[in-house]
Amino acid sequence: DALFTTSTKNSSTTSDDDSSTIVIPRPHLIMGTRQPSDFNAAAKSIYGKYTPKSAAAQSTKKSSTPQLIAEEDGATNTTPLSIKTIAMDGSTTPNGDDFDRVALSIKLNSKKKAMTILPEEAVGLLIARVKKSVREQFVKDFPESEVANDGGGDEEEEGGESYMDFPPAFAIPGWATLDSTVEALIDAAGSSSSGCGPSLHQRSIAACVGALVPPVGTAAKGAAAPAGSKLQQLLSETMQSKDAAAAKEEAKEAALARRDPGQVDSFVPLVLLVGVTNEGIEMTAVQITKPQGPDKELHCPFGNINVISSVCYAYGGDDPLSMVPKALDDLREQVGIVV
C-alpha cells in the first residue's frame, strides 16, 4: 500500500510524529508512467493534488525540474519527497518520448543530495517484503520443511535471501493493464534463479477462481466429500436444474412428434463479476462451463471460464459506487453486441 523510508530531514518540514519517516503512497499507481500528464484518475487522486498545474499539463516539454508532491517548505532541494521526469536513454533531460519516466526524488538527509528511484523500484521493495513474509509464515506453519532450513531468513548465511526466488502472482485490474504498467510490474517483480518471471492474471477472473476454490478441510474416512464453495454449489444446482428442465421439455416434444428425444445443449450460466475500490471499477461477464467430475481436479471445479466482455475505469474519489450504473450499461451493450 505504501513504502516507508527512514530519514533525518529537518523537523521544520514535518510534524514530530513522522519526522523520521517519508511515505511513498501507492507507488504502483505511477509505475512506468512517462509524464505526470499521463497519470490516470487513480494516480491523480494521490499525486495530482501536490503537482503544480504547469507540470500536470506538461507532456513533451523538456525539463528536468522536479515537480513537487509534498508540502512546499520554501526550497525545492529540501522537499522530503518530489517527483520528476527523467530520461532512461542517458540524456540529461527528458525528450518527450518512450524513454522518459516519472521518478521519485527522496530527500533522506537535508544536507545531502536527494536519492532518485523509479516507482517500480519502490514496488520491488514491497514485493521483496511480501515474499519474506510468505516465507516466515510458511516456516511457522511447516517447521520441518526444506524452506525452514535453507537459510532464507538470515542474509548472513549462505543462500540467505532464497525467498527472493519465490514466484509471485499478481491479479491486475483491467484499468491498470497498460503496456507500460505491466512492463514496469514485471521489472519490479524480477526473475527467479530459474529465469521464471511473475504470473499475471486478470483480477476479476482471479477473484472468480478464488470464489470457486473448495473450503479447506478433508472428509473423514467413509464420509462424503466436503461441499464446495457457495458459488460452486449455486452454479452446480442451477446448471443441473436447467438441464433437467430442458431434457424434460425435449422429451415432451419428442413424444408429440413420435421420435426419440434428442440431445439438449447444456445450460451455460452468465456470471457477472464486479470489483470496486477507490482506485477503479471493473465489471466482467463470464460463462462458466464444463463441470469437473469428482475424480477430476477438485481445486478447479469447472474446466472453462470464458470471458465474454469486460469494462473498467480508473477512478479517483470517495464515491466509486457512482460509477456502477455507467459500467453496467456499458457492459450490457458489449454483451449484447457479442450475443
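**Disulfides, salt bridges and cores in the predicted chain**

A search of the whole structure finds 0 disulfides, a disulfide being a pair of cysteine sulfur atoms within 2.5 Å. The structure is a predicted model, in which local features need pLDDT of at least 70 and side-chain atom pairs count only at pLDDT 80 or more, while totals for chains, interfaces and linings use all residues. Residues are numbered from 1 along each chain as its sequence is written, and side-chain values use heavy atoms, with hydrogens and water left out.

The secondary structure of the chain comprises 7 helices and 11 strands; helices (H or I, at least four residues) and strands (E, at least two) are DSSP runs, numbered from the N terminus. Of the 339 residues of the chain, 33% count as buried. Buried means under 20% relative accessible area, exposed over 50%, and partly exposed in between (1.4 Å probe, protein chains only). The accessible surface of the chain amounts to about 20,200 Å², and 53% of this surface belongs to carbon and sulfur atoms. Accessible areas come from the Shrake-Rupley method with a 1.4 Å probe; for residues, only the protein chains shown count as cover. Among contacts in the chain with a separation of 6 or more, 48% are made by residues 24 or more positions apart, where contact means heavy atoms within 4.5 Å.

Cys208 counts as buried because its relative accessibility is 1%, whereas Cys312, at 26%, counts as partly exposed.

Side chains of opposite charge can pair when their charged atoms come close. In the whole structure, 5 salt bridges are found, a salt bridge being a side-chain nitrogen of Lys or Arg within 4 Å of a carboxyl oxygen of Asp or Glu. One of them joins the side chains of Glu279 and Arg26, with an N to O distance of 2.2 Å. This pair links distant parts of the chain, 253 residues apart: Glu279 is in the loop between strand S9 (270–277) and strand S10 (280–291), and Arg26 is in the loop between strand S2 (21–25) and helix H1 (41–47). Glu279 is buried, since its relative accessibility is 13%, while Arg26, at 23%, is partly exposed.

A salt bridge is also formed by Asp98 and Arg34, whose closest N and O atoms are 4.0 Å apart. Here too distant parts of the chain are linked, 64 residues apart, with Asp98 in the loop between strand S4 (81–87) and strand S5 (100–106) and Arg34 in the loop between S2 and H1. Asp98 has a relative accessible area of 58% and is therefore exposed; Arg34, at 17%, is buried. In the salt bridge between Arg332 and Asp329, the closest N and O atoms lie 3.1 Å apart. Both residues belong to helix H7 (residues 324–338), where Arg332 and Asp329 are 3 residues apart, about one turn of the helix. Arg332 is exposed at 53% relative accessibility, and Asp329 is partly exposed at 46%.

Not counting residues up to four places away in sequence, Glu279 touches Arg26, His28, Leu29, Ala42, Trp175, Tyr313, Ala314 and Tyr315. Leu29 is 250 residues from Glu279 in sequence, and their C-alpha atoms are 9.0 Å apart in space. The Glu279 side chain also makes a polar contact with the side chain of Arg26 at 2.2 Å. A polar contact is a pair of N or O atoms within 3.5 Å; within protein, one must be able to donate a hydrogen and the other to accept it, and residues adjacent in sequence count only if both atoms are side-chain atoms. At Ser145, in the loop between H3 and S7, the side chain reaches the backbone oxygen of Phe142 at 2.9 Å. Ser145 is buried, with 16% relative accessible area.

In soluble globular proteins, nonpolar side chains tend to be buried together. A nonpolar core is a set of buried Ala, Val, Leu, Ile, Met, Phe, Trp, Tyr and Cys residues joined through side-chain atoms within 4.5 Å. The largest such core has 26 residues, of which Ile24, Ile30, Phe39 and Leu104 touch the most other members. Two or more residues of this core come from each of S2, H1, S4, S5, helix H3 (119–141), strand S7 (169–172) and helix H4 (179–189). H4 gives the most to this core, with 4 residues. Another core, of 10 residues, lies apart from it and includes Cys208, Leu212, Leu235 and Val286.
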